[in-house]
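Dear colleague,

Please find the structure below, together with its sequence. My notes on it follow.

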Amino acid sequence: MHSIASKIAALGRLEHRLFGKDFLLTFEKSPDELKAVVEIAELLKAMHAGNIDARFFSTGLAISIFRDQSTRTRFSFASAANLLGLALQEFDEKKSQVAHGETLRETANMISFLSEVIGIRDDMFIGKGHTYMQAVGAALDDGFAHGVLPQRPAIVNLQCDIDHPTQSMADLCHLKQHFGGDYEALRGKKIAMTWAYSPSYGKPLSVPQGIITLMTRFGMDVTLAHPEGYDLLPETLQVAEKNAAESGGRFRVVNSMAKAFEGAHVVYPKSWAPFRVMQERTRLYEQNDQKGIAELEKDALANNARFKKWECTPALMEKTKGGQALYMHCLPADISGVSCQEGEVAAEVFEKYRLDTYREASYKPFVIAAMIVSSRFRDPAALLDHLARKGARHLGAL
Amino acid sequence: MHSIASKIAALGRLEHRLFGKDFLLTFEKSPDELKAVVEIAELLKAMHAGNIDARFFSTGLAISIFRDQSTRTRFSFASAANLLGLALQEFDEKKSQVAHGETLRETANMISFLSEVIGIRDDMFIGKGHTYMQAVGAALDDGFAHGVLPQRPAIVNLQCDIDHPTQSMADLCHLKQHFGGDYEALRGKKIAMTWAYSPSYGKPLSVPQGIITLMTRFGMDVTLAHPEGYDLLPETLQVAEKNAAESGGRFRVVNSMAKAFEGAHVVYPKSWAPFRVMQERTRLYEQNDQKGIAELEKDALANNARFKKWECTPALMEKTKGGQALYMHCLPADISGVSCQEGEVAAEVFEKYRLDTYREASYKPFVIAAMIVSSRFRDPAALLDHLARKGARHLGAL
Amino acid sequence: MHSIASKIAALGRLEHRLFGKDFLLTFEKSPDELKAVVEIAELLKAMHAGNIDARFFSTGLAISIFRDQSTRTRFSFASAANLLGLALQEFDEKKSQVAHGETLRETANMISFLSEVIGIRDDMFIGKGHTYMQAVGAALDDGFAHGVLPQRPAIVNLQCDIDHPTQSMADLCHLKQHFGGDYEALRGKKIAMTWAYSPSYGKPLSVPQGIITLMTRFGMDVTLAHPEGYDLLPETLQVAEKNAAESGGRFRVVNSMAKAFEGAHVVYPKSWAPFRVMQERTRLYEQNDQKGIAELEKDALANNARFKKWECTPALMEKTKGGQALYMHCLPADISGVSCQEGEVAAEVFEKYRLDTYREASYKPFVIAAMIVSSRFRDPAALLDHLARKGARHLGAL
């Protein structure tokens, strides 16, 4: 890793307009904007490890809204808030209260008088999560424009139906580090984002969608693999294709895990539900059709079971570049014989890369913090420079 | 708004004995004491907007006890705590554990060793909430007097059966601002605190009680309007009458929304349950008479339905002073055709004043913070002056 | 209490290797290590009372994992975290998710990227709690050794199946203060740790086990009293015997409350479940044998009822040294005629010592903070000296 000073200088050279913008989808951001977030995340990580106080705020709230269960994203957001000097306040929403127009507009303002950021996770229903985040953003814009709010809190997408930017950006940090710290090294590297078998159903699509849309930005050779029918949101494939064309990378879809693994530098085997199943699920939940939901789950699990061979085994890993591809996972993985009988990955493969997956995850708090900082402050480079010269995070250095 | 320095000077001229006292009922406080809280709230709001660090504490806990559901008061209290440098700790009380003597006395001390403030919401049962807060106060007095507690945490009433001081004081800030920032401008202004129809039952009485007892302190011409039978706690009417007599204001009760609206400068249409229904409800809950509770609810809703005409419509608003009265609400309002079929206020009226109601709510965190500061510090003016000269709340100013 | 400066000097003279170690069992620590924790706790308490800012950290998380309900330990941990500048983050674990190997190892790392301490309460199942804490510790060691975690969070045992060190150490602070502030004064003092009747079942063993293993370290004359069958974990008795032999104290077990009270300087009457019942209970829960659990409870309560005479009455108190023994309890006590019909202690006795039990409890937040500080910093004495010279905790001193 470069020194903090040289990283701050590099950050200063990036052109970005992240200030005052929400971080909802990576593919709405320019390459320099993505690099700026990575750079800030790496700086904050280095400062934390180096016992440098990184508080951009002395007070202020960081609100989290989790419309789906989460442990690690919850802790990542809590950590990011704390690192920057904000106090976490979880908003325990009943769906009925905030789901519709008037109430959402009002509630968004009511919780934001002293808030600097709102992190939202809403990933389970197709066509809902991203829309919800945009609606919260519009409500905040309205309140800020009319002097109700003294500041416009940033919104950070902690996972929606389209993208999972805090995960994919943490993955990008991990890949960059793995290949030597340079974006150029990512160019042409083959990454296999592949479906894998899991004995559960209804896993969101946002991770594979996030990976194919982000990694194609940096010239990577991205292969998406899944059994027939396990399609992602069609528009994310279009984005991936366009990104690959623009960056000089490559994007293709195959229906074989083995084919995707061939010569891959990186593999990312992970289960998800077919787009159409998620769409149907959304419809059934809207109609509160419990019988339909149960039937859908049964069918989906039966269909999953046809593809138990989609497991990341040592034999498959042998097919990767030198048999040494980097295994990635957003965690928790379904590990065969460990967390389930048959799952996404063989225990032997997972154990070999276990600590790597932890390191992959370790970037997330700092990526979230970087998204907050870049949205709330005009000149992060200057402020990071200020902080780096200022003081210790704890007394251990005395 | 006056400059921060001139406001601090004005605060310094007010005589008050808020130090060491709890904030339970506005009508226990002198006019200067109420004005001091308003002044501190306005100062803290201006300092927050002006990026001034307002931490009176570097560490310390702010405990909240919610014996009734709440979103906005919860966030207001969390915001106030954070603004002053305190960490929020919610006390998730099981009613059976703390409701009676010995346990309350013990628990109040056990949670207070490092606490600076306890905010309590207990509004649902007539004769209980205020009594409970007094009991907590007595337990803290006992612990502090005997050296168990190194400090006596302040108690802030976040809504009880008698009063809702954080709401009514925020409303006072809003009215003061609306009429030009001067208490003299409130003199003789007509405010209609009126019942309004809602398809729900058992809404607490503390808002109308808080409004009639507070606004009569400042020479306002206060009309309370409700259908026959929808009485408030009798003693609050007596307080309102006495206050009006003392301040040169006026207080009357009418049984017509239209009559109350005539020539009003301000209207506050809001549903509540009749005092006798709330009393009966308390009795039934004490006896855990579920059948009785269900019957009471059915009867009360049927009775409400006789008064669906009590809706704040454009036609009624026409009757107010120049057709331009300020509409107020503590939120959330029951908006006809939006949040319910038939409710307290027509959608057209609410939308016209929507942002005003948000601004009204925006004072609450700062009012709570002002109550904490004035109870815990002997000379808030000097300390605010110190803070105003000291530092930024966030790095944005660099 | 000695002055802060002289206490810091005394602390500096103690030899301890608490840095980098977890605080799981008092009997794993040397006498100087225990004294160091007491000294730091007393210093932090004095600094708090004296309005000295005691933040060792500017940011960082303090994680709590409560596998059993708790109010006061929850608040004590929250207070300790806040005092040191850490933000509390509660980990709301579902037992099924973290109970087994792989998941525990992963989760422990996932929540710890920015964490400084993990406080764990897991006291209900024999053979589980301490083992769980050790497993979390091993997972953190693994993550720290491999660069996953930039720091190794300290683990503080907030109550396990074997020991309750934050309670027993707070009790030690209280005893030391009671007898004049000097460990030498504890030598030869008689303490009766006795079972007492309670109308509840399944109370953990960790308090009596903690008391007999800790107080025997300081030359006290410890009597454990309980009805036949209400045995503690056998190994804790062995530890108590060994400790007494080493320290020149005494340890014996009797089956009579009256006998234990005779000439006692201190009495600690408290209910617990027999070790064998707790063991059987653990087995039944593992098999999810609801019928068996219900039967066990019925039998255990019936057996308890045979010993209603085991109540701390005024008559029994008369048997103590001069009739003036110090009554202790970890709270909440089962007070006859107050919190239950027949319980551990007569109302008259409890009321006489009520404030003493509050003072006993008041040490706990500072003991927890001391455990954190001594585990995370190499030279607490120097850092406390630095803090004592630095600044105020709140603006009250201006």
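I begin with the meeting of two chains. The contact between them involves 28 residues of chain C and 25 residues of chain B, where two residues are in contact if their C-beta atoms, placed from the backbone, lie within 7 Å. The model is a predicted one, in which local features need pLDDT of at least 70, side-chain atom pairs count only at pLDDT 80 or more, and totals for chains, interfaces and linings use all residues. Residues are numbered from 1 along each chain as its sequence is written, and chains are lettered from A and ligands numbered from 1 in the order in which they are written.

On the side of chain C that touches chain B, at least two residues each come from α2 (31-49), α3 (72-84) and α14 (347-362) of chain C. Helices (H or I, at least four residues) and strands (E, at least two) are DSSP runs, numbered from the N terminus. The largest share of this side, six residues, belongs to α3(C). By class, the side has 14 nonpolar, nine polar and five charged residues; here Ala, Val, Leu, Ile, Met, Phe, Trp, Tyr, Cys and Pro count as nonpolar, Asp, Glu, Lys and Arg as charged, and the others, Gly among them, as polar.

How are the two chains related?

Chain A is assigned domain 1 (4-163 + 364-393) and domain 2 (167-361), with bounds from an automatic or database domain assignment. Taken over C-alpha atoms, the centres of these domains of chain A are 26 Å apart. In chain A, 22 residues of domain 1 are in contact with 24 residues of domain 2. The elements of chain A giving two or more residues to the domain 1 side are α2 (31-49), β4 (154-160) and α15 (364-376), and α2(A) provides the largest share, six residues. That side divides into 12 nonpolar, three polar and seven charged residues.

Finally, in chain B, strands β6 (residues 221-225) and β7 (residues 250-254) run parallel and are joined by five bridges; strands pair if DSSP finds at least two bridges between them. Leu224(B) stands opposite Val253(B) in β7(B).

With kind regards
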